[in-house]
Amino acid sequence: MLNPDRLFPSDPTQRAIARRLYGEVSALPIISPHGHTDPSWFAKNEAFPDPASLFVKPDHYAFRMLYSQGIPLEQLGVPRKDGGETSSDSRAIWRLLASNWHLFRGTPTSMWLTHAFETVFGVTERLSAASADRIFDQIEDCLRKPEFRPRALFERFNLEVLATTESPLDTLEHHKAIRESGWKGRVITAFRPDPVVDPEFEGFRENLAELARITGKDTATWDGYLAALADRRQYFKSFGATSTDHGHPTAATADLAPAEAAKLFDIVRRGGATAEEAELFRAQMLTEMARMSLEDGLVMQIHPGSFRNHNELVFQRFGRDKGADIPSGTEYVRALKPLLDRFGNERDLTIILFTLDEDSYARELAPLAGHYPALRVGPAWWFHDSPEGMRRYREMITETAGFYNTVGFNDDTRAFCSIPARHDVARRVDCSFLARLVAEHRMEEDEAAELAVDLAYRLAKNAYKL
Ligand SMILES: [Zn+2]
């Protein structure tokens, strides 16, 4: 099913160059500096239970499409928050995916799943209602074998490093277990403080109390709160973290005087903040996090612009991360100015900016990252982590920011088996983009060959200090 020339340009000159460039990078190890796989998989190394649990239940790309066509999330095995009934019949869930496979035509999900089916599980026929049971059985047979356990797959995928993302309130017990197991796979954490820096996050006040409990700091005071965060950052660093991640609704930053910030903190910690105060607090916290990054060396990632949990009913019934996060327009130039006024010229600070608003690539992000030493542009993200999205990204970023103000690829996934597929798509699209520049005599092929390795491997490793 997988054509060796997939995603390469159809023009013969460019295709020949793209093939040669891809030949230089196809076997490179995978650097996965940002993602959301579950560290307990690698801590416990238990067999994945069945094909639906691996490919449907945890993958919001898969179930959001099925939901959009009227299939209830309960039928797809997505657990309900209220303990309400949800399907546990994995074969039935799998058949639903299979009989609706046509919905995924032309989407990256179909490319990722096809790649995983074929390269990981040896499936060579297309998923359909007719093939559903055969493919289910084939994958399930594989999953019972030791070579399909999480650690074995990690090694087979040639992962040099894989970062997960945890809340500051996480004990990192799974990371501890991985370390103590003696297994050599490098699974590291990343510090995602949204639950304790966003006053609108569910349970914010309880989260502050928990932060106090685990750090022994007094999070009822501004200084104690900042000290508790610095403390957790150190703890995360001790489990290999090299980065932080911030999923704010906007890119707003602020630089309040300490007394003003303390006053604002007092308002938000009591739980009475208005929407404006909550936004200002998040804005202040991005600048505080940048200050701490300059001190402790953690690379800062800003992932703004997603309207989280847009579907109220789905949120109430199923919770976060259920495919109901919708991009909205995101402004950076004015929003980042307070932070950049303080830290934009620091050479020892790396802030990686992401966007779901492609309008901002050429107008805002490339000019910003093409100027400020502290800034880099993160790869095409989420809905744009697709062949067309990656092409648009390169086309709109490169002429102003070059390649070296970008940071390679992030798979940003919860779906473990899609990791090799996603990196392979990125490598093919980048090689195709470079092939066009070579064919148009805008770059020599030896430069493109070096760049192909940089984009696939070296840039991520350097930017994230891995
Ligand atoms: Zn992410």
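Buried means under 20% relative accessible area. The model on screen is predicted, and this tour moves through it one selection at a time.

**Stop 1: threonine 107**

Select threonine 107, in the loop between helix H5 (90-99) and helix H6 (108-121). Its relative accessible area is 17%, which is under the 20% cut-off, so threonine 107 counts as buried.

**Stop 2: the zinc ion**

Which residues coordinate the zinc ion? The donors are NE2 of His34, NE2 of His36 and an OD atom of Asp412, at 2.1 to 2.2 Å. Along the sequence these donor residues follow the spacing H-x1-H-x375-D. Histidine 36 sits in the loop between strand S1 (30-32) and helix H2 (39-44), and aspartate 412 in the loop between helix H18 (387-401) and helix H19 (419-439), so this pair ties together parts that are 376 residues apart in sequence. Colour the two by burial: histidine 36 is buried, and aspartate 412 is buried too.

**Stop 3: the largest pocket**

The largest pocket holds about 840 Å³ of space. It is lined by 35 residues, and those closest to its centre are His36, Thr165, Arg192, Asp321 and Arg414. Show helix H4 (60-68) and helix H10 (194-197) next; each supplies at least two residues of the lining. What classes of residue make up the lining of the largest pocket? There are 15 charged, eleven nonpolar and nine polar residues.

Is aspartate 321 buried, partly exposed or exposed? With a relative accessible area of 26%, aspartate 321 is partly exposed.

**Stop 4: the second largest pocket**

Move to the second largest pocket, with a volume of about 340 Å³. Select Asp198, Glu200, Pro249, Arg308 and Asn309, which are the closest to its centre of the 15 residues that line it. The lining of this second pocket divides into seven charged, four polar and four nonpolar residues.

**Stop 5: the cavities**

To see its lining, select Pro379, Ala380, Met390, Tyr393, Arg394, Gly408, Phe409, Ala426 and Asp430. The elements giving two or more residues to this lining are H18 and H19, and H18 gives the most, with three residues. By class, the lining of the largest cavity has six nonpolar, one polar and two charged residues.

Next, select tryptophan 382, in the loop between strand S9 (375-377) and H18. Tryptophan 382 has a positive phi of about 60°, and it is not a glycine. At 12% relative accessibility, tryptophan 382 counts as buried.

**Stop 6: helix H14**

Select residues 275-296 to show helix H14. H14 has 22 residues and reaches 31 Å from its first C-alpha to its last, close to the 32 Å expected at 1.5 Å a residue. Just after H14, glycine 297 has a positive phi of about 85°.

Within H14, pick alanine 278. This residue counts as buried, at 1% relative accessibility. Draw a distance from the C-alpha of alanine 278 to that of glycine 305: the two are 27 residues apart along the chain and separated by 16 Å.

**Stop 7: leucine 356**

Finish at leucine 356, in the loop between strand S8 (351-353) and helix H17 (359-369). Its relative accessible area is 5%, and leucine 356 is buried.

Definitions and conventions
Residues are numbered from 1 along each chain as its sequence is written. This is a predicted model: local features need pLDDT of at least 70, side-chain atom pairs count only at pLDDT 80 or more; totals for chains, interfaces and linings use all residues. Side-chain values use heavy atoms; hydrogens and water are left out. Donors are N, O and S atoms within 2.8 Å of the metal (3.2 Å for Na, K and Ca); water is not among the atoms, so sites may look incomplete. Helices (H or I, at least four residues) and strands (E, at least two) are DSSP runs, numbered from the N terminus. Buried means under 20% relative accessible area, exposed over 50%, partly exposed in between (1.4 Å probe, protein chains only). On a 1 Å grid over the protein atoms alone, a cavity is a set of points where a 1.4 Å probe fits but cannot get out, and a pocket is an open set with protein on both sides within 12 Å along at least five of seven lines; lining residues have an atom within 4 Å of a point. Ala, Val, Leu, Ile, Met, Phe, Trp, Tyr, Cys and Pro count as nonpolar, Asp, Glu, Lys and Arg as charged, and the others, Gly among them, as polar. Grid points are joined across faces, edges and corners, and a volume is the space filled by probe spheres set on the points. The expected span of a helix is 1.5 Å times one less than its number of residues.
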